[in-house]
Amino acid sequence: MCGIVGYVGHRPALDVVLGGLRRMEYRGYDSAGVAVLDGAGALTVERKAGRLANLEAELDKVGRENFGGTAGMGHTRWATHGAPVDRNSHPHRDSTQRVAVVHNGIIENFATLRAELEAAGVEMASDTDSETAAHLIARAYDEGDTKGDFTASVAAVCRRLEGAFTLVVTHADHPDTIVAARRSSPLVVGVGEGEHFVASDVAAFIEHTREAVELGQDQLVVISREGYEVTDFHGDAAQAKPFTVDWDLSAAEKGGHEYFMLKEIEEQPEALANTLRGHFESGRIILDEQRISDQDLRDVDKVFVVACGSAYHSGLVAKYAIEHWTRLPVEVELASEFRYRDPVLDRDTLVVAVSQSGETADTLEAVRHAREQKARVLAVCNTNGAQIPRESDAVLYTHAGPEIGVASTKAFLAQIAANYLVGLALAQARGTKYPDEVAREFAELEAMPAAVHKVLSTVEQTRDLGRRIADSRAVLFLGRHVGFPVALEGALKLKELAYMHAEGFAAGELKHGPIALIEEGLPVVVVMPSPKGRAVLHSKLVSNISEIQARGARTIVIAEEGDETVRPFADELHRGPRRPDAAAAARLHRAAAGARRGDRPRPRVRRRQAA
Ligand code: BG6
């Protein structure tokens, strides 16, 4: 996730901004940039791909004395739209170079806005969605109702933007003011003596002030040396939440958490929402990059998902849905095994390579092997411009933000959502789902962030469980259907993080051997399916639990809210949100964008003729 800092005060802005960017390096980034207003109408910008050190070296080369001013802003970018190269780095400027913008988030309607700007003769200097904001603000300032009013121009453009954004904007005509705005992306104000800050998080300014104000949804703030003013996007006064930061610097970098992984676990709803955002437009699933034709997608007759670790488990979870939606056979394979056997691949095989980093050696080699066999490769990746997406025919990015904790958490959930989107894209291309069915499935996916948020509110109960089973010799995880790969992932997390012996099993396999491991007091975590959605599997799993409970195991059951059947068999019950019921699904369906059934005929899947 990008890091943003803005400053108006009495100190040299370049030093404050670079210091802030250094404090936010932990967020991960692939380029950095700064803009400084010198007070005499000059707006100076420098940006560079790579580490902050590259930017600093460039500043030394061009001369830091050219950046003398006490108002400015900086940005560390985690690429979403466009590769991590100099021209895509922030700040972005309008054509007259008087407006500069830094942005965190994804502007969903950027393609429409960009087309509108290009039709008006604006030449784009980057591949980013962010640049459109700079041009739109400059135009709003130069003409129409908001002419000459910097704040109103930013507000007017915010009203037009769809998606998630934190924007920080400077205008050369207003050297003592910075305007910042947010929707579904963080923004805090730092309140100092004769100086004010805006930033993506308090780590950026904590060495200067501990007094902060957290902006609410769709709010805008104007900062100057003297003060700050918060409004909504219509210019009406709005309430923001003041607070005093009592974390030390190292905790501030982790959003107040003890570990990056805890921070990333908390970021899961946002990671999911960002992954879905921008991938469904005008009733269609959209990939980020597609270098193969729609016909090639229609011709796919077999899917392999190749990945390692949690990414592999995300493929196992999605396999059920992809097969169900597309009627294509889906094999999920460990990348480290795939390339050492002789998988049956040809040009109608789609290999979906899932990787958070996009650089995992086994997955990359699997991609290369698949391409040598002429198979098509679609990458699901969290890192823009990494090797795996570069070598693939199509790409769908999970916009989970950088994952610093090595064992995957938020990226795993984002991968599941992205794999589902791949399944829907295939179903759409092959015509095995009507447009309204695709819209309904997407609407169900959109309900996931709120459901995950709810689960996170029970984290204390889970923490307490962790403490109580920490000394166990081993922990088993059981599940059926999608609960089986979830059980595998649970066991993997326990091995990798707690260094405990843990195994995941398909519950139906219990009687074929693993039941021998059940002993008095052994914690067994059971992932229950929905009693309504999967009634048969549910009752089978209930009998599995009663069996292991009879052998003295300590049953820890994760079941849907309202599932009371399991209670007698659960030594400990943990709740997950209810699967959307038919009524909720129908509501989601109605709310979903997209065409209605019958808008167009179901396309026929073209069969390749034998040569
Ligand atoms: C492992 C991590 O080393 O790599 C896992 O511990 C991760 O959590 C796996 O899932 C694969 O990484 P990537 O970057 O290819 O998704």
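Asp 348 is placed in the loop between α11 (335-338) and β20 (349-355). In these labels, helices are DSSP runs of H or I with at least four residues, strands are DSSP runs of E with at least two, and both are numbered from the N terminus. The model is a predicted one, in which local features need pLDDT of at least 70 and side-chain atom pairs count only at pLDDT 80 or more, while totals for chains, interfaces and linings use all residues. Residues are numbered from 1 along each chain as its sequence is written, and side-chain values use heavy atoms, with hydrogens and water left out.

Asp 348 has a relative accessibility of 9% and therefore counts as buried; the term buried applies under 20% relative accessible area, exposed over 50%, and partly exposed in between, with a 1.4 Å probe and protein chains only. The C-alpha atom of Asp 348 is separated by 8.5 Å from that of Lys 374, a residue 26 places away along the chain.

The whole protein may be considered next. It contains 20 helices and 27 strands. Along the principal axes, its C-alpha trace spans about 80 × 65 × 45 Å. The protein has a radius of gyration of 26 Å, which agrees with the value near 25 Å that a compact globule of 611 residues would have. This radius is taken over C-alpha atoms, and the globule rule is 2.2 Å times the number of residues to the power 0.38. Of the 611 residues, 57% count as buried. Among contacts with a separation of 6 or more, 68% join residues 24 or more positions apart, where contact means heavy atoms within 4.5 Å.

Two packed helices are described by the angle between their axes and the distance between the axes. Helix α10 (residues 309-326) and helix α18 (residues 483-498) have axes that come within 9 Å and cross at roughly 165°. Such axes are lines fitted to C-alpha atoms, for helices over the stretch in contact, and the angles run from 0 to 180 degrees between N-to-C directions. Helices α10 and α18 are therefore roughly antiparallel to each other, a term for angles over 145 degrees; angles under 35 count as roughly parallel, 65 to 115 as roughly perpendicular, and the rest as oblique.

On the α10 side, Gly 309, Ser 310, His 313, Leu 316, Val 317 and Tyr 320 meet Pro 485, Val 486, Leu 488, Glu 489, Leu 492 and Lys 493 of α18. By class, seven nonpolar, three polar and two charged residues form this contact of α10 with α18. Here Ala, Val, Leu, Ile, Met, Phe, Trp, Tyr, Cys and Pro count as nonpolar, Asp, Glu, Lys and Arg as charged, and the others, Gly among them, as polar.

Arg 327 is placed in the loop between α10 and β19 (330-334), and its phi is near 60°, a positive value in a residue other than glycine. With a relative accessible area of 61%, Arg 327 is exposed. His 481 belongs to the loop between β23 (474-479) and α18. Although it is not a glycine, His 481 has a positive phi of about 55°. At 24% relative accessibility, His 481 counts as partly exposed.

In α14, Tyr 420, Leu 421, Leu 424 and Gln 428 meet Val 438, Glu 441, Phe 442 and Leu 445 in α15. The contact of α14 with α15 has, by class, six nonpolar residues, one polar and one charged.

Glu 441 sits in helix α15 (residues 435-446). What does Glu 441 touch, not counting residues up to four places away in sequence? Its partners are Trp 325, Leu 424 and Lys 433. Glu 441 counts as buried, at 16% relative accessibility.

Two further residues complete the survey. Ile 545 lies in helix α19 (residues 535-550) and is buried, with a relative accessible area of 1%. Leaving aside neighbours within four places in sequence, Ile 545 is in contact with Val 526, Met 528, Thr 555, Val 557 and Phe 569. Pro 91, in the loop between β4 (71-77) and β5 (92-93), is joined to His 90 by a cis peptide bond with omega about 0°.
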